[in-house]
Amino acid sequence: MSHRKFRADKLFTGSALLDENNVLVTDEQGMIEAIVPLEDAGDDIHTFNGWLTPGFINCHCHLELSHMRGLIQEKTGLIDFVFAVVTQRHFPEEEILAAIAYAEAEMLANGIVAVGDICNNLHTLPQKQQNNLAYYNFIEASGWLPGIADQRIQRSKINYDAFRQTHPASIVPHAPYSVSENLWQAIAPYFRNQVATIHNQETSFEDDLFKTNTGDFVRMYQMMNIDHSFFEATGKSSVESYFQQLEGASSVLLVHNTFTQQSDIDYINNFQRTSNSKPQTSFCLCINANKYIEDALPPVALLRKNKAHIVLGTDSLASNWSLSIWDEIKTIQKHFPAIPLEEILQWATLNGARALQMDDTLGSFGKGKRPGILLINNEGQIKRLD
């Protein structure tokens, strides 16, 4: 059996950083066989300048919105952004499908090997059936009015049944401000023992809504002609108001977390200590989308202080300039330069694979895995070697 051998200035395994005296050995199909000392590796070693790393995991994307690239003005704030997506997303189907194919090719070129993708329709299904990337399909359910819960879950079930034929899938809540108690109850069986995700605290107005029933979400309901009179504030933060609903999931992805506080993290940690179900909770950062929509930064220092399980996402081309985890990493480095690159790379590889429950095959250079192999060269560019 023939082998391929790779060596670079640095070898990041997914969890550890090794030096140039280590060689990564794979078979011809890219399956990891071993990491061996240079003196034991023999001949025919491909040697590079830069870092070798497993392929990137994009834990949060909206591939179906790829046709909206550059359509929505930057820094409008979340409420006006959401309204723009809802009212402007309808394009001819051929344009939508072409944009999806182009965006997937962009992710492949940027070293992404797996995606946690939000799905509100079936537009991305034909592209995903080509199996160019690994996907976890999050079938998004939303409906703030209690009376439409049955209608919304039936629509989500149609999409769920279609997507789960080829890739893992679960039905998940869109956001705390868009899911009624009735809909929460309908969704729960579809993420039990699966991966669940939710947009969390992307704007400060989310906590305003739950604490005092005030803020810009009230304006959003008025803009959308949604009768909000049934809602009663909990007097608690958004996280404290909904997180217990996710108890049945095996893994939970909280996305954005731009305005998450220490008290929210304490609540999650305490809930997990005392509940019967203890889902792994990951905090997904989409820093470029935060800059695009709110011109804000996620609380990276706070999450690191609490040893949170951090993962990375790109969000959509409606809210980002590219679908590139490497671009996300570069922005994090720009604003948080003290964080070692190897730590951020773990967020982008092994942590992401664990969050999507794909770490049996992806995320690290473990024997028997096929995680993809990337080179980060000394010019800061990404190249696929697999």
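Lys330 and Asp327 both belong to helix H12 (residues 325–335), where three residues, about one turn of the helix, separate them. In this predicted model, the two are joined by a salt bridge whose closest N and O atoms are 3.5 Å apart. Lys330 is partly exposed, with a relative accessibility of 39%. Asp327 is also partly exposed, at 25% relative accessible area.

## Other salt bridges

The count of salt bridges comes to ten. One of them links the side chains of Asp161 and Arg164, with an N to O distance of 3.3 Å. Asp161 has 36% relative accessibility and counts as partly exposed; Arg164, with a relative accessible area of 44%, is partly exposed too.

A further salt bridge is formed by the side chains of Arg384 and Asp386, at 3.0 Å from N to O. Arg384 is partly exposed, with 26% relative accessible area, and Asp386 is partly exposed at 45% relative accessibility.

Asn257 sits in the loop that runs between strand S11 (251–256) and helix H9 (262–274). Its relative accessible area is 0%, so Asn257 is classed as buried, the limit for that class being under 20%.

With neighbours within four places in sequence left aside, Asn257 is in contact with Asn200, Gln201, Phe283, Cys284 and Pro299.

Technical notes. Residues numbered from 1 in each chain as written. Predicted model: local features only at pLDDT ≥ 70, side-chain atom pairs only at ≥ 80, totals over all residues. Heavy atoms only, no water. Helix = DSSP H or I, 4+ residues; strand = E, 2+ residues; numbered from the N terminus. Buried < 20%, exposed > 50% of the residue type's maximum accessible area, 1.4 Å probe, protein only. Contact = heavy atoms within 4.5 Å. Salt bridge = Lys/Arg side-chain N within 4 Å of Asp/Glu carboxyl O.
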